Amino acid sequence: MKWTKKIISATLALALVALLVWSFMPQPLEVETAEVAKGAFVQTIDEDGRTRVHNRYVVSAPLAGRLERIALLEGDGVEKNAVLANISPSVPALLDVRTEQELKARVGAAEAGKLRTAVRVERVQVALLQAKADYDRTRKLASESFVSPTKLEADKLNITLNEKELDSAKQEVHVAEHDLDVARAALMQVRNPSAISSGKNWPVRSPVSGRVLKVVQQNETVVNVGTPLLELGNARELEAVVDVLTSDAVRIKPGAKVLFERWGGAENLEGRVRLIEPSAFTKISALGVEEQRVNVIIDITSPPEKWQAVGDGYRVVARIVIDRRADATLVPVSALFRDGEQWAVFALAQSRAVKRNVQLGPRSGLAAVVEQGLQPGEIIIIYPGDAIKDNAKV
């Protein structure tokens with residue numbers, strides 16, 4: 001009995017010691033893992049953009065006047081040289097009594113000027129007749145050698161001078177008549193303004209065939225020269241404008257492939273970069289940070305049947321491809337961490353975390369290309385915490 005009690009007591013003591021040792025031993029860390037894969041890699045620059053008509057035409061008023069109401073609506077089709085709007089002479093402004101009296105006085109002055117020029121014409125005509133008579137007498141006397149040849153030449157020259165004076169007087173009559181017409185037209189604005197405003201309309205015609213994108217001036221109003229009236233364009237000739245950071249723009253090449261996502265359709269649309277604008281601009285981000293951005297112009301290359309519902313100014317999400325590799329070694333970005341000046345990962349070997357320094361290639365938002373340090377099929381730890389050390393049991 002005594003030996004049995006001693007054996008049971010010793011066994012319990014050993015079990016207690018073993019339990020204490022086991023409780024104080026370090027436990028393996030729980031980790032998430034992923035496999036190093038081999039596959040295609042695509043690096044993109046993702047930015048929001050908007051569509052716009054490739055060639056937009058803004059039709060403006062060619063002259064000042066009263067614009068009649070435009071019957072066209074957004075979306076209406078127009079042919080080249082079709083009448084878009086009509087502009088008529090505007091009704092003159094109301095004149096006060098003083099201005100009316102000034103206009104009447106101006107008409108009277110113009111009439112007096114016309115009479116004065118008519119009298120001058122008559123005076124010059126009389127002088128011309130007198131010069132011709134003097135020349136005839138001098139010519140008879142010169143034939144009998146009673147006057148010198150110089151006198152004959154002077155009388156002939158006097159005729160020429162009076163003829164030129166008569167031409168000048170007649171031109172002054174024409175000027176006076178035009179001045180009188182102008183004065184009477186100004187006065188007619190007061191006496192009969194409807195006669196002025198009922199003049200011939202000026203039709204504004206379409207420069208191209210297309211559709212009305214926007215009606216700027218719908219209602220009847222008075223417009224000045226150059227006032228925008230409508231915007232025209234071909235809605236089937238769309239392009240996308242995406243503004244990107246200048247640091248990203250230097251990596252984009254003309255002809256790069258583009259994928260359009262979240263534009264409203266079931267399938268992604270394709271496009272090609274046509275132009276990176278040479279001039280950048282400053283834009284304030286949502287966080288209030290100044291950014292230098294530049295517009296990238298992209299042509300939509302998918303068949304128009306796929307995006308016929310897309311219009312001018314629609315939002316699109318563009319993924320511009322800047323690097324593509326068909327057979328690359330890929331690791332999740334969440335497995336990478338900095339080790340001094342290098343990148344590193346924790347590989348899983350015999351239930352232990354082994355630190356590996358890797359040489360990376362291009363990266364995207366989810367995956368990175370490993371050029372050296374890992375092989376496809378290896379298991380690595382993702383989201384490594386501070387508790388994981390080299391050779392730690394996991």
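**Salt bridges and strand pairing**

Reader: What makes lysine 306 and glutamate 267 a salt bridge?

Author: Their closest N and O atoms are 3.6 Å apart. A salt bridge is a side-chain nitrogen of Lys or Arg within 4 Å of a carboxyl oxygen of Asp or Glu, so the pair of lysine 306 and glutamate 267 qualifies. Lysine 306 lies in the loop between strand S15 (290–300) and S16, and glutamate 267 in the loop between S12 and S13, so the pair ties together parts that are 39 residues apart in sequence. The model is predicted: local features need pLDDT of at least 70 and side-chain atom pairs count only at pLDDT 80 or more, while totals for chains, interfaces and linings use all residues. Residues are numbered from 1 along each chain as its sequence is written, and side-chain values use heavy atoms, with hydrogens and water left out.

Reader: Why is lysine 306 called partly exposed?

Author: Its relative accessibility is 43%. Buried means under 20% relative accessible area and exposed over 50%, with partly exposed in between (1.4 Å probe, protein chains only), so lysine 306 falls in the middle class.

Reader: How many salt bridges does a search of the whole structure find?

Author: The search finds 21. One of them joins arginine 319 and aspartate 46, with the closest N and O atoms 3.5 Å apart. This pair links distant parts of the chain, 273 residues apart: arginine 319 is in strand S16 and aspartate 46 in strand S2 (residues 37–53). Arginine 319 counts as partly exposed at 26% relative accessibility, and aspartate 46 counts as partly exposed at 45%.

Reader: Is arginine 293 buried or exposed?

Author: At 9% relative accessibility, arginine 293 counts as buried. Arginine 293 forms a salt bridge with glutamate 291, their closest N and O atoms being 2.9 Å apart. Both belong to a network of salt bridges that also links Glu47, Asp243 and Lys283.

Reader: How do you know that S2 and S16 pair, and how many bridges join them?

Author: A strand is a DSSP run (E, at least two residues), numbered from the N terminus. Two strands pair if DSSP finds at least two bridges between them. S2 and S16 are joined by 13 bridges and run antiparallel, so they pair. Glutamate 47 stands opposite alanine 318 in S16.

Reader: Which other strands does S16 pair with?

Author: Strand S16 (residues 315–332) pairs with S12 in the antiparallel sense over four bridges; leucine 259 stands opposite arginine 319 there. Three bridges join S16 to strand S20 (residues 367–372), again antiparallel, where the bridge partner of leucine 330 is valine 369.

Reader: Which residues of S12 are on its covered face?

Author: The covered face of S12 (residues 257–261) holds Val258 and Phe260, and the uncovered one holds Lys257, Leu259 and Glu261. In a regular strand the side chains alternate between the two faces of the sheet. S12 is also joined by four bridges to strand S13 (residues 269–276), antiparallel, and phenylalanine 260 stands opposite leucine 269 in S13.

Reader: What makes S3 and S5 edge strands?

Author: Four strands form an open antiparallel sheet in the order S3-S10-S8-S5. Strand S3 (56–60) and strand S5 (77–78) each have a single partner strand, so one side of each is left without a neighbour in the sheet. Within this sheet, strand S8 (residues 210–215) and strand S10 (residues 228–233) pair over four bridges, and arginine 211 stands opposite glycine 233 in S10.
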